[in-house]
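Biologist: I am new to this structure, and I would like to go through it with you step by step. Please show it to me, and then let me ask how each description is reached.

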Amino acid sequence: MNKKILLIQPTPYDQHGVLVKKNRLFFVGLALPLLAALTPEEYEVELCYETIEDVPFDTDADLIGISSMGHAVHRTIDIANKFREMGKTVVLGGYMVSLMPEEAQKYADCVMIGDAEETWGEMLADYSRGELKKVYRKKLTKLETPLPRYELLLNKKIGNFLPVQAGRGCPKTCSFCSVYCLYRGQ
Ligand code: B12
């Protein structure tokens with residue numbers, strides 16, 4: 001088992017089953033560079049935003065982390081299946097997985113529910129000992145989060161600004177919103 005992790009944000013399929021690709025992803029999500037920042041230094045971390053780049057299926061990384069949003073859930077499953085067929089270990093996390101963890105477990109070696117700040121390091125330690133658990137879930141009590149590894153984004157085709165996060169969750173309880181479904185107004 002090597003010390004390299006590939007983190008992927010899948011792109012959705014369009015109505016014809018073709019992957020949605022763009023020249024530029026103007027507003028990049030922070031989940032991947034944040035997971036990279038939570039990763040111990042001995043690991044090499046590579047990020048892939050599939051909307052603007054191709055998934056390197058020939059990667060030598062043994063551990064593959066995939067972030068899921070609802071619109072790209074079918075692609076998430078396809079990528080997970082392909083890597084697992086190659087014998088890689090697949091960890092799924094993010095909004096969609098957190099809302100449907102039982103379903104997600106069918107396609108992954110490990111599922112992380114909710115925020116990863118307090119579980120990512122534990123999962124990596126378990127993984128390196130060969131004791132990976134099927135599910136990790138720890139409610140965030142206080143948002144103490146490192147600076148995302150922005151330098152891993154700088155050479156990518158993104159907008160000319162970088163996002164920052166001001167918090168997590170939302171005090172509103174709008175029935176149509178995934179943030180409410182996950183955080184329940186907290
Ligand atoms: C930035 C953002 C975008 C950006 C970038 C998206 C991208 N693909 O990278 C843009 C503007 C492009 C965007 C677009 C869309 N977005 Co958007 N977006 C966000 C936003 C505001 C912030 C996300 C973020 O960076 N958060 C900060 C990071 C650090 O937090 P996080 O993502 O939650 O990650 C933590 C955990 O979830 C977990 N985690 C996340 N991924 C993984 C992976 C692994 C392996 C593990 C272990 C853990 C893990 O660990 C992280 C640290 O704790 C969220 C709302 C929100 N407040 O979170 C919506 C949100 C993610 N978006 C959403 C939606 C619906 C969309 C669109 C589909 C909207 C549309 N109809 O077009 C499009 C999709 C476009 C596309 N092709 O990707 C929904 C997703 C709902 C769902 N069920 O999946 C959200 C939750 C908004 C909402 N109110 O419902 N979005």
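Modeller: What follows is a conversation about how the descriptions of this predicted model are reached.

Biologist: What makes Y95 partly exposed?

Modeller: The count for Y95 is 18 other C-beta atoms within 10 Å, and because burial requires 20 or more and exposure 12 or fewer, Y95 is placed in between, as partly exposed. Y95 lies in helix α3, and beyond its neighbours within four places in sequence it is in contact with S68, M69, G70, S178 and L182. Of these contacts, S178 is 83 residues away from Y95 in sequence, while their C-alpha atoms are 7.5 Å apart in space.

Biologist: How do you know that β3 is largely enclosed by the rest of the structure?

Modeller: Five of the five residues of β3 are buried, and therefore the strand is described as largely enclosed. In a regular strand the side chains alternate between the two faces of the sheet. In β3, L63, G65 and S67 are on one side and I64 and I66 on the other, and with all of them buried both faces are covered.

Biologist: What makes β3 and β4 a pair of strands?

Modeller: Pairing requires at least two bridges, and β3 and β4 have five, in the parallel sense, so the two strands count as paired. In this pairing S67 stands opposite G93 in β4. The chain crosses from β3 to β4 through helix α2 (residues 73–85), and this β-α-β crossover is right-handed. Strand β1 (residues 4–9) also pairs with β3, in the parallel sense over four bridges, and there I8 has I66 as its bridge partner.

Biologist: Why do β4 and β5 count as a pair, and how many bridges do they have?

Modeller: They have two bridges, in the parallel sense, and because at least two are required, β4 and β5 count as a pair. Here L92 stands opposite V111 in β5. On β6 (residues 135–137), V111 has V135 as its bridge partner, and β5 and β6 pair in the parallel sense over three bridges. From β5 the chain crosses through helix α5 (residues 120–128) to β6, and this β-α-β crossover is left-handed.

Biologist: Which residues have the most contacts inside the largest nonpolar core?

Modeller: They are L7, L35, L92 and A108, in a core of 42 residues, to which α1 gives the most, with five residues. Leaving aside neighbours within four places in sequence, L35 is in contact with L7, G65, A116 and W120.

Biologist: Finally, what surrounds the ligand?

Modeller: The ligand is surrounded by 30 residues, and the closest are G29, S67, G93, G94 and S178. By class, the shell has 16 nonpolar, 12 polar and two charged residues, and the elements that each supply at least two residues of the shell include α1 (31–37), β3 (63–67) and β4 (89–93).

Notes. Residues are numbered from 1 along each chain as its sequence is written. This is a predicted model: local features need pLDDT of at least 70, side-chain atom pairs count only at pLDDT 80 or more; totals for chains, interfaces and linings use all residues. A residue is near a molecule or strand if its C-beta atom, placed from the backbone, lies within 6 Å of it. Ala, Val, Leu, Ile, Met, Phe, Trp, Tyr, Cys and Pro count as nonpolar, Asp, Glu, Lys and Arg as charged, and the others, Gly among them, as polar. A crossover is right-handed if, with the strands pointing away from the viewer, the path from the first strand over the helix to the second runs clockwise. Two residues are in contact if their C-beta atoms, placed from the backbone, lie within 7 Å. A nonpolar core is a set of buried Ala, Val, Leu, Ile, Met, Phe, Trp, Tyr and Cys residues joined through C-beta atoms within 7 Å.
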